[in-house]
Amino acid sequence: MEVQARGVAKVFPNRRRGDVEAIAHVDMDVAPGEFVSILGPSGCGKSTFLYIVGGFVEATGGSVSVGGTPITGPGPERGIVFQEFALFPWKTVHGNITYGLAEQGLSRREQQERAEHYIHMVGLQGMERLYPKELSGGMKQRVAIARTLATDPDVLLMDEPLGALDAQTRAEMQTELSSIWERTGKTVLFVTHAVEEALFFSDRVVVFSQRPARIKSVVDVEIPRPRDRKGILRDPRFAELHHHLWDLLHETRPSTQTGAATAEAPVDGG
Ligand SMILES: Nc1ncnc2c1ncn2[C@@H]1O[C@H](COP(=O)(O)OP(=O)(O)OP(=O)(O)O)[C@@H](O)[C@H]1O
């Protein structure tokens with residue numbers, strides 16, 4: 001399913017401290033099956049944009065349609081992985097993953113099979129009966145990813161879904177997510193701080209300006225697929241695109257801030 005954003009704007013009203021203009025104007029088209037990453041400086045409005053597409057935050061200007069239908073709220077064709085996991089604390093790992101499946105009307109047996117499949121995929125075997133408070137940040141993030149994948153949405157919206165993972169799990173999940181995407185042809189909108197990660201996954205990288213967000217640049221990633229994490233680092237196109245994106249991001253930083261490397265994470269997150 002395609003995602004189409006037209007003139008999306010967002011102002012958060014705040015009487016005491018003044019309104020916060022998070023997004024000035026964003027037009028975006030994501031084709032069916034395309035993997036698009038959004039890169040931008042911290043606090044520029046990336047998550048807000050993703051949550052607007054998810055239907056969890058209402059835009060104050062413009063519109064978003066998914067599969068040609070204007071969105072009015074969340075919907076089953078869009079699955080979102082929130083930055084802060086948003087797990088149900090009173091449900092186990094298994095319960096968190098099957099919750100959305102029960103909502104979709106799957107039989108107990110189908111729920112069980114789906115849950116087992118995704119629990120295995122994200123490496124949470126043996127932890128099915130644990131509660132979120134008993135899990136590390138990385139494990140919680142894996143539950144959040146499994147929960148969203150299990151509902152099989154056409155459009156995946158992911159807000160730094162690998163950010164809290166340790167280097168090894170991050171590398172495994174990068175490979176896994178990439179192959180899930182190649183197998184299923186889902187449309188993905190992926191927010192990340194990591195240039196390498198964006199290049200590894202994406203067909204296109206959309207660079208946001210400083211807040212209020214506008215589109216500063218759209219970069220096509222013409223690196224052949226399937227991409228392997230090590231091989232891509234040796235591809236001259238990767239180095240060239242990396243420099244280009246780095247420069248674009250660096251320009252968006254205020255002059256008082258230096259050290260763009262702090263926002264970086266290598267392709268394997270380590
Ligand atoms: N619910 C809200 N109420 C008021 N202001 C908000 C709200 N949500 C976000 N903001 C503000 O909107 C701006 C954009 O925030 P957002 O989380 O979208 O940025 P981001 O680019 O995703 O940041 P990061 O990369 O640090 O996650 C920030 O100034 C933030 O403080």
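**Close-up views of a predicted model**

**View 1. Contacts of Arg237.** Glu222 and Ile223 are in contact with Arg237 once its neighbours within four places in sequence are left aside. The structure shown is a predicted model. Arg237 belongs to helix α8, which spans residues 236-251. Leu199 stands 38 residues away from Arg237 along the chain, and the C-alpha atoms of these two residues are separated by 10 Å.

**View 2. Residues surrounding the ligand.** The shell consists of Phe12, Val20, Ala22, Gly40, Ser42, Gly43, Cys44, Gly45, Lys46, Ser47, Thr48 and Arg211. Sorted by class, this shell holds four nonpolar, six polar and two charged residues.

**View 3. Secondary-structure elements at the ligand.** Which elements each supply at least two residues of the shell around the ligand? They are strand β2, covering residues 20-30, and helix α1, covering residues 46-54. Of the contributions to the shell, that of α1 is the most, at three residues.

View 4. An unreviewed UniProt entry lists residues 3-235 as "domain: ABC transporter".

Note on methods: Residues numbered from 1 in each chain as written. Predicted model: local features only at pLDDT ≥ 70, side-chain atom pairs only at ≥ 80, totals over all residues. Near = placed C-beta within 6 Å. Helix = DSSP H or I, 4+ residues; strand = E, 2+ residues; numbered from the N terminus. Nonpolar A, V, L, I, M, F, W, Y, C, P; charged D, E, K, R; others polar. UniProt positions renumbered as here; feature names shortened; annotations may be inferred. Contact = placed C-beta atoms within 7 Å.
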